[in-house]
Amino acid sequence: MSLRLSTVILPVRRWHEGGRDQWLRAEQLGFHTAYTYDHLSWRTFRDGPWFGAVPTLTAAAAATERLRLGTLVTSPNFRHPVTLAKDLITLDDVSGGRVTLGIGAGGNGFDATALGQEAWSPRERADRFAEFVSLLDRLLTEDSVSHEGTFYSAEEARNIPGCVQEPRLPFAVAATGPRGLRLAARYGQAWVTTGDPKLFEDGTPEQSLEALRGQLERLDKACAEIGRDSRPMEKILLTGFTPEANTVLASVDAFVDFAGRHRDLGFTELVIHAPIPDSAFAADKTVFEKIATEALAQLDS
């Protein structure tokens, strides 16, 4: 597969004060997909503007024509499969079939307690994630679904006419552990990773590559266990949490070097953060745009 370049636009700008322009510019720059985070609030942005993912993506779908759109990622922390399925079917319809659902187990951030509940243990998060993904798969492919599970229920939930994309919009499953990788193998049209979080601050590029190689090998194994060939599956790397996060957007050459090493490892899509001044994602906008328009051609030359 050829390497694709995508971006993630954090939902921190009012739509009519630069928000809409970012999505239009992403399309103009030729990005394959523009994603956004699906959180109620997130890390250092908690006390500033932060807008909802599904309404933002719906507005972006109406404003753009070719750009694929997606979440990176949605989690069960504050979502229910029944209501999420209805939103996704609507978003897929508005976009004309340009939506990818990035989906993960969630964590212990602000989303985990915003609805007033105690944060789930890692075991419960994994259990919920497994049930969430399997039920959402049914809700997006069947006209009527009833389900009585450990965590989620549905009673004749109707989802007519279904997704524009058939049999449903694609899932990009974020996972690194055994259970999550098995879910990715069974339900994912793509797999997402941010690398090894233990290496983010103190690891080396070489250590990161080795960790990613191990994750890819474990994905291959999970697919093989169910008789699936993992090679056609999209492998997506969100680049902002690798040891090179602070240098990957420093220049076109730096990005091309990074991209080449990760393409050779087996990744088919790299995602870079749109610059946000005075944040962990601060970067030179001119360099960012040159990477978008020139890097892949330079990589293939």
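The dialogue below sets values from the model against the definitions of the terms.

Modeller: This is a predicted model, in which local features need pLDDT of at least 70 and side-chain atom pairs count only at pLDDT 80 or more, while totals for chains, interfaces and linings use all residues. Residues are numbered from 1 along each chain as its sequence is written, and side-chain values use heavy atoms, with hydrogens and water left out.

Biologist: Why is Thr 193 called buried?

Modeller: Buried means under 20% relative accessible area, exposed over 50%, and partly exposed in between, with a 1.4 Å probe and protein chains only. Thr 193 has 2% relative accessibility and therefore counts as buried. Thr 193 lies in strand β8 (residues 190-193); strands (E, at least two residues) and helices (H or I, at least four) are DSSP runs, numbered from the N terminus. Leaving aside residues up to four places away in sequence, Thr 193 touches several residues, including Leu 212, Ile 236 and Phe 267. Contact here means heavy atoms within 4.5 Å.

Biologist: What makes strand β1 mostly covered?

Modeller: Of the five residues in β1 (residues 4-8), four are buried.

Biologist: How do you know that β1 pairs with β2, and in which sense?

Modeller: Two strands pair if DSSP finds at least two bridges between them. Two bridges link β1 to β2 (residues 33-36), in the parallel sense; Val 8 has Tyr 35 of β2 as its bridge partner. β1 is also joined to β10 (residues 269-273) by five bridges, again running parallel, and there Arg 4 is partnered by Glu 269.

Biologist: What do the paired strands form?

Modeller: They form a closed barrel of eight strands, in the order β1-β2-β3-β4-β7-β8-β9-β10, with parallel pairing. On average, neighbouring strands of this sheet are turned by 25 degrees against each other, direction ignored.

Biologist: Why is helix α2 called roughly parallel to helix α3?

Modeller: Two packed helices are described by the angle between their axes and the distance between the axes. Axes are lines fitted to C-alpha atoms, for helices over the stretch in contact, and angles run from 0 to 180 degrees between N-to-C directions. For α2 (residues 53-63) and α3 (residues 81-95), the angle is about 15 degrees and the axes are 8 Å apart. Angles under 35 degrees count as roughly parallel, over 145 as roughly antiparallel, 65 to 115 as roughly perpendicular and the rest as oblique. Therefore α2 is roughly parallel to α3. Among the residues making the contact are Leu 57 of α2 and Leu 91 of α3.
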